[in-house]
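Thanks for coming, everyone. I have one structure to walk through this morning.

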Amino acid sequence: REDCHAHRRRVRTCPTVFPSSRACRAETAKAVLNQRNPKSAWSFRPRCHLHPRSKPQKRQKMRAELPSVLVVGGGRVGTYVACKFKGAGTTGEVVLKGSPADRGVSKMQPFVDAMCRDAGVTFVRGYERFANRVFDFTFVSVKTYDLANVRAELDAHNITSGITILVHNGIVAPLFENSVRVVIPQSYDFVEEDDPRDATKKVTKIHVKNEEKPWVMPDTGDARKVELLLEASGIKGKADPTFPYGLIRKFFINGVANLLSIVGDCDCDGLLAKHRGRMEVLYSEFIEVLKHPHADAFALVPDDFHAVVFDGLASYGQHFPSTKMDFDAGRALETDSLNGYVVGQAKRQGMAAMENEKLVNEVLNLVAERDARKK
């Protein structure tokens with residue numbers, strides 16, 4: 001209890017320091033949120049919410065005061081985030097919404113189910129149980145072509161959110177109110193490892209590449225709340241005034257790699273070894289086409305931006321871009337928000353982006369051939 005009081009004093013003097021104690025981390029996160037915004041929807045009293053010796057009724061009430069989170073998208077990122085939020089003890093109810101049943105079941109679903117069960121996350125495929133609910137945070141991690149569908153489904157069930165957190169590749173027009181766009185430099189993969197409890201068995205976990213780098217978001221009041229929630233949950237986050245640059249940097253890395261990895265049938269190392277010339281042409285077109293629509297970002301671009309982009313891609317090593325994995329799995333692709341976005345911006349300015357247009361058409365043809373083989 002003395003430790004809890006010490007942490008409360010720390011909140012008043014240094015609000016970005018989070019204690020390692022699970023119980024006090026939850027307390028600190030909400031106390032800081034209230035400090036940042038006195039009109040917060042949460043009413044936090046300065047106490048240690050999940051003290052192990054609390055009475056069951058008191059513990060239940062304390063959990064109810066923690067923020068509720070809806071995570072839309074039951075893939076690698078969504079599963080990772082939902083389990084981190086719940087496992088850290090910084091949130092109350094955490095719901096992970098997967099794809100509708102009519103889309104089929106992923107071969108990784110048993111592992112998603114196991115991770116959710118171990119963390120205490122509620123996994124669902126429909127919103128019926130949560131109609132007319134208000135969540136404190138809604139975390140949306142779906143492909144850009146699905147964003148409009150997500151918005152329509154939430155509206156149909158009258159589900160609203162205090163803050164909507166958006167994680168996706170590429171650039172699209174905003175569809176959600178009170179939203180915070182987040183750029184993540186990580187890659188997430190399901191991997192099998194030896195079970196520490198039984199050497200004869202394997203367990204599946206989510207391996208995170210570049211985990212030490214922070215998620216970046218705009219420097220706004222809502223984004224600072226997201227940053228605090230992430231940090232308290234063990235995920236590095238940063239509300240950054242230079243966010244426009246972070247967004248365009250990530251777009252360049254995705255843009256020179258994701259669709260080209262489908263055409264080249266290779267990982268990031270393979271792209272740099274075998275397709276560097278073509279990536280250079282794509283990069284040059286990005287510069288010419290995007291420098292005016294994204295002037296705020298280009299004002300922050302460093303002199304060594306070219307090296308930043310290609311070194312950033314190299315850091316992913318043998319990882320296959322998510323768009324390549326989607327193609328191999330027979331899913332739809334985010335062409336319009338990646339190189340298709342550059343083609344669209346070029347046409348609006350009366351310019352040509354021939355290499356990007358060629359790449360988009362190649363990928364669309366490969367998708368058509370792939371889908372034809374399924375029939």
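Start with confidence. This is a predicted model. The chain has a mean pLDDT of 84. Of its residues, 83% reach 70 or more.

Look at residues 1–20, where pLDDT stays under 50. The model still gives that stretch 31 contacts beyond four places in sequence. Residues 35–52 also stay under 50. For them the model has 57 contacts beyond four places in sequence. Be careful here: where pLDDT is low, predicted coordinates should not be read in detail.

On to the helices. Find helix 8, residues 243–264. I'll take two of its partners in turn.

Partner one is helix 12, residues 305–314. How do helix 8 and helix 12 cross? Their axes come within 9 Å, at roughly 60°. That angle makes helix 8 oblique to helix 12. The crossing is right-handed. Who makes the contact? From helix 8 we have Tyr-245, Ile-248, Arg-249, Phe-252, Ile-253, Val-256 and Ala-257. From helix 12 come Phe-305, Val-308, Val-309, Gly-312 and Leu-313. By class, that contact between helix 8 and helix 12 has 10 nonpolar residues, 1 polar and 1 charged.

Partner two is helix 15, residues 354–374. Here the axes of helix 8 and helix 15 come within 10 Å and cross at roughly 50°. So helix 8 is oblique to helix 15 as well. This crossing is left-handed. On the helix 8 side, look for Leu-259, Leu-260, Ile-262 and Val-263. They meet Leu-359, Val-360, Glu-362, Val-363 and Leu-366 of helix 15. The contact of helix 8 with helix 15 counts 8 nonpolar residues, no polar ones and 1 charged.

Back to helix 12, from another side. Helix 10, residues 276–290, packs on helix 12 at an angle of about 130°. Their axes are 12 Å apart. Helix 10 and helix 12 are therefore oblique to each other. Helix 10 passes helix 12 in a right-handed crossing. Helix 10 brings Arg-276, Met-279, Glu-280 and Tyr-283. Helix 12 answers with Phe-305, His-306, Val-309, Phe-310 and Leu-313. In the contact of helix 10 with helix 12, 6 residues are nonpolar, 1 is polar and 2 are charged.

Last topic: charges. Side chains of opposite charge can pair when their charged atoms come close. How many salt bridges does a search of the whole structure find? The count is 17.

I'll show one of them. Arg-151 and Glu-177 meet through their side chains, 3.3 Å from N to O. Where do the two sit? Arg-151 is in helix 6, residues 147–156. Glu-177 is in the loop between strand 5 (160–167) and strand 6 (179–182). So this pair ties together parts that lie 26 residues apart in sequence.

That's my tour. I'm happy to go back to any of these views.

Key: Residues numbered from 1 in each chain as written. Predicted model: local features only at pLDDT ≥ 70, side-chain atom pairs only at ≥ 80, totals over all residues. Heavy atoms only, no water. Axes fitted to C-alpha atoms, helices over the stretch in contact; angles between N-to-C directions. Helix = DSSP H or I, 4+ residues; strand = E, 2+ residues; numbered from the N terminus. Parallel < 35°, antiparallel > 145°, perpendicular 65-115°, else oblique. Left-handed = near helix turned anticlockwise from the far one by under 90°. Contact = heavy atoms within 4.5 Å. Nonpolar A, V, L, I, M, F, W, Y, C, P; charged D, E, K, R; others polar. pLDDT = per-residue confidence, 0-100. Salt bridge = Lys/Arg side-chain N within 4 Å of Asp/Glu carboxyl O.
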